[in-house]
Amino acid sequence: MSYAGATTDDELRRKLAYERSAFPREYYARLRARGPIDDTEDPEEPVLVRRADVEHALRSWQEYSSDFAGIMGSEEPIIPLNVDPPLHARYRKLLDPYFAPRKMVALQPAVQQHTNDLIDAFIDRGSCDFSTEMAVPLPCSTFLSLFGLPLDELDALVRWKDIMIRPEHLVPDREAALELQATTAREIYARFQAEIEHRRAHPRDDLITYLVQAEVEGQKLTDSELRRICFLMLSAGLDTVTISLECIFAFLVHHDDARRMLVEEPGSEVNLIEELLRWETPVQTVSRRAACPIKVDGHVIPEGQRVRLALASANVDPEGLPEADQVDVRRGDLRSFAFGGGPHRCLGSNLARMELRTVVRTWHDRIPEYGLAPGAELVWNSSTLRGVDHLPLVWTPGSTR
Amino acid sequence: MRISIDPDLCQGHGRCWENAPELVEDDEAGRGVVRGDGVVPPELEEKARQAASACPERAVILSD
């Protein structure tokens, strides 16, 4: 009977995953009402759902460690995601300035150009699939710019990213999917190794050269460290921006007042994007490992247990955030954990903000009147990186700039 | 009112100086640094409160 039982469990998990992705606020409200920690969707990696607990866990790296491997098929811990302080701080000291807002100001014109090029390709058609024609390629082209790689590698990059993030979408069999993911991770590591060696011989103005030349406390990074930093950029910098764009535009097609505000008040995108990152929380959870037995309101997380922190729940928990259940760009309490918090605050948060602001601003300057294609239904992807694989938009050709 | 930033808590979210650029600027790593002596003129008190309320790390401290 265990076989039948397993099937039922699988079906239940699939149903819960879809609800989490499609109706995140309702889903997490239900979980929070039941208790501080939930293991119904994934017994192997239960999830903390209360705002106060998530906030505490993000800061308390001594209890909630990030030191584990296996992210997206990588056999080794990736850097700095899977490194704890104090070593973590050494890497961040090196990386933070490269992703600081000042650097993003310098990168913005390239992102602006990519955004305009993508829009140029479909603007006269009067329609596009926002997901595949904007949300996916834009962060990939940014990545290629950062890494000093030619834009014609975009398709290969998208394929790598898809395998790394959601291999089960490409290969239905779970074992085969994980094998493909691991094989691809090795392929990616080999490619980065080649790029590292190339930049060492031929330095230029890009991230890999910066990393190759950098010193941490008088020491150059090893090839292994360099590869694992590059892998982090690839695994964390692409899909997160894609799904954030999808979440934002999926909201906008259903909220004409917000869309009009963006058109009529240039600059209003800054606060609206912040509020939508809180409200939609595209990156729903982050993973940790209990470094010791941890007590959470009567429950005990055993040492070594993997545990997820539900940013998506913390961000809309009315306990600790007044009017958490409303979208309000002028809210008094602005604190959001959309980019996590504590020492592992998203390294690319400034890059993500710059990309999101550039796309939202440019889109509404050029295509102010648009909507969801008639009859189109949004299908959420059931992932904790929640997005929609297709977002068909239409507008009247000629009403654009 | 005075504004200060606890450098041990600051993680470089950048929300303080984006919300109150008159009071806080970003350093090379993107962390907030209080401008001048940290005294908040009355007309900027609202912005100071915004900067504090936006910090996910509660690193922005307001005092009388």
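Where in chain A does S382(A) lie? Let's come to that in the last view, after a word on conventions. This is a predicted model, in which local features need pLDDT of at least 70, side-chain atom pairs count only at pLDDT 80 or more, and totals for chains, interfaces and linings use all residues. Residues are numbered from 1 along each chain as its sequence is written, chains are lettered from A and ligands numbered from 1 in the order in which they are written, and side-chain values use heavy atoms, leaving out hydrogens and water.

**View 1. Chain B, from end to end.** Chain B has 2 helices and 4 strands, in the order β-α-β-β-α-β from the N terminus (DSSP runs numbered from the N terminus: helices are H or I with at least four residues, strands E with at least two). Its C-alpha atoms fill a box of roughly 30 × 20 × 15 Å along the principal axes. Of its 64 residues, 47% are buried (under 20% relative accessible area; exposed is over 50% and partly exposed in between, with a 1.4 Å probe and protein chains only).

**View 2. Two nonpolar cores.** A nonpolar core is a set of buried Ala, Val, Leu, Ile, Met, Phe, Trp, Tyr and Cys residues joined through side-chain atoms within 4.5 Å. The largest has 96 residues, and F130(A), F147(A), M233(A), F249(A) and W363(A) have the most contacts inside it. Helix α13 (residues 239-252) of chain A gives the most to this core, with 9 residues. Apart from it lies another core of 16 residues, among them I5(B), W17(B), V40(B) and A59(B).

**View 3. Around W363(A).** Leaving aside residues up to four places away in sequence, W363(A) touches partners including F122(A), F130(A), F249(A) and W395(A) (contact means heavy atoms within 4.5 Å).

**View 4. R335(A) meets chain B.** R335(A) sits in the loop between α16 (311-314) and α17 (349-366) of chain A. Because its relative accessibility is 5%, R335(A) counts as buried. Among the residues that R335(A) touches, not counting those up to four places away in sequence, are E55(A), S53(B), P56(B) and R58(B).

**View 5. Two cis peptide bonds.** One joins I79(A) and P80(A), with omega about 0 degrees; another joins P85(A) and P86(A), with omega about 5 degrees. P80(A) lies in the loop between β3 (64-65) and α4 (87-95) of chain A, and P86(A) is in the loop between β3 and α4.

View 6. S382(A) lies in the loop between β11 (371-372) and β12 (392-394) of chain A. Phi of S382(A), which is not a glycine, is near 65 degrees, and S382(A) is partly exposed at 27% relative accessible area. R58(B), also not a glycine, has a positive phi of about 55 degrees.
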